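Dear colleague,

Please find below the structure that I am handing over to you. My notes on it follow directly after.

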Amino acid sequence: MVSHDEWTDRQTETTVTVDGHDLSVAYYEDGPDDGPPVVFLHGIPTWSFLWRDVAPALATDRHVIVPDLVGYGNSAMHDGFDRSIRAQEAVLADLVAEHDTVALVGHDIGGGVALRYASHRPDAVDALVLSNAACYDSWPVEFVNGLGLPETADRDAADFEDDFEFLFADGLYGDPDDHREFVEGMAAPWRSAEGQTSLVRNAVATNTNHTTEIDYGAITARTMLLWGADDVLQPIDYAERLADDVSGDTSLVTLSDAYHWVVEDQTDSYRSHVRRFLS
């Protein structure tokens, strides 16, 4: 098990330029320099910690890059820049500029970022894994809309962890007692005043237009839709729609007893599917 502090210690930092702003990006990197690159993209309100039990396992033969999106985790959180998936796509483009092609693994809005990048640069993405991804008009959801309210920034840090526990309540998202490390780690970046304000900014920046405008038919990458079958935030209907619309060779794999946090709910199975697909 890797704690959020240990994961932070494994990160390094770089600077990307988005809309004329130079922004710091924290990221985990591992694997051979000449290995085929794979980038893991988290969503809201998570950060790269989401991938701690998946990404390192691929570093035996792949060059693994796991960033905190800007506004998240240990990346830039100050005011004055866009955090939408349009801007996050620019972050990704800057991060992988030295690579001709990459594989992308995206969850939640990270999946939306991956979809935009793959549609705008079809020749630059050779494989795509999407998990309970924001797409079409599937988002933002009520919980994220609530995070965007001004009073969110004035709440006690402990309340944020309570909110995250709520995401597992009533069997809709899983059992919080089975995911204690994840709940605590997910809440960690938002405990400071700067973090709480940044989370509000991130939530406000969710913009459905940035996925409804995507030309899904332009995506030619070999694609796996690795979906938590019991998700009520990004239900399986959207995965089925993607399977019909994406032009590349596409497979839909559903994981039972898996909710929105499919990476956590079925970690071993999730990791095995990704490794096999990218091998």
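Apart from its neighbours within four places in sequence, Ser 84 contacts Ala 205 and His 210 in this predicted model. Ser 84 belongs to the loop between β4 (63-67) and α2 (85-95). With a relative accessible area of 3%, Ser 84 is buried, because a residue counts as buried under 20%.

The helix α2 is also well covered. Eight of its eleven residues are buried, so α2 is largely enclosed by the rest of the structure. The buried residues of α2 are Ile 85, Ala 87, Gln 88, Glu 89, Val 91, Leu 92, Ala 93 and Leu 95. You will note that Gln 88 and Glu 89 are on that list.

As to the chain overall, eleven helices and eight strands are present. Its radius of gyration is 17 Å, close to the 19 Å that the globule rule gives for 279 residues, so the chain is as compact as a globular protein of that length. Along the principal axes, the C-alpha atoms fill a box of roughly 45 × 40 × 35 Å. Of the 279 residues, 57% are buried. Among contacts with a separation of 6 or more, 76% are between residues 24 or more positions apart. The accessible surface amounts to about 10,800 Å², and carbon and sulfur atoms account for 42% of it.

I turn next to the aromatic residues. The structure contains eight aromatic pairs. One of them is formed by Trp 47 and Phe 49, which are stacked with 5.5 Å from centre to centre and 15 degrees between the planes. Trp 47 and Phe 49 are both buried. Another pair, Tyr 72 with Trp 190, is edge-to-face, at 5.9 Å centre to centre and 75 degrees between the planes. This pair links distant parts of the chain, 118 residues apart: Tyr 72 is in the loop between β4 and α2, and Trp 190 is in the loop between α6 (180-187) and α7 (193-204). Tyr 72 counts as buried, at 0% relative accessibility, and Trp 190 is likewise buried, with a relative accessible area of 0%.

Regarding the strands, β1 (residues 12-18) and β2 (residues 21-30) run antiparallel and are joined by seven bridges. Within this pairing, Thr 14 is opposite Val 25 in β2. Strand β2 is also antiparallel to β4, with four bridges between them; here Glu 29 has Ile 65 of β4 as its bridge partner.

Most residues other than glycine have a negative phi, and most peptide bonds are trans. Asp 19 lies in the hairpin of β1 and β2, which has two residues between the strands. At 47% relative accessibility, Asp 19 counts as partly exposed. Asp 108 is another residue other than glycine with a positive phi, near 60 degrees. Asp 108 is part of strand β5 (residues 102-108), and is buried, with a relative accessible area of 7%.

Cis peptide bonds occur as well. The bond from Ile 44 to Pro 45 is cis, with omega near 5 degrees, and Pro 45 is in the loop between β3 (37-41) and β4. Trp 139 and Pro 140 are also joined by a cis peptide bond, with omega of about -10 degrees. Pro 140 is located in the loop between β6 (125-133) and α4 (142-147).

With kind regards

Technical notes
Residues numbered from 1 in each chain as written. Predicted model: local features only at pLDDT ≥ 70, side-chain atom pairs only at ≥ 80, totals over all residues. Heavy atoms only, no water. Buried < 20%, exposed > 50% of the residue type's maximum accessible area, 1.4 Å probe, protein only. Contact = heavy atoms within 4.5 Å. Phe/Tyr/Trp six-rings, centres within 6.5 Å; stacked < 30°, edge-to-face > 60°. Rg over C-alpha atoms; globule rule 2.2 N^0.38 Å. Areas by Shrake-Rupley, 256 points an atom, 1.4 Å probe, with all protein chains shown as cover. Pairing = 2+ DSSP bridges.
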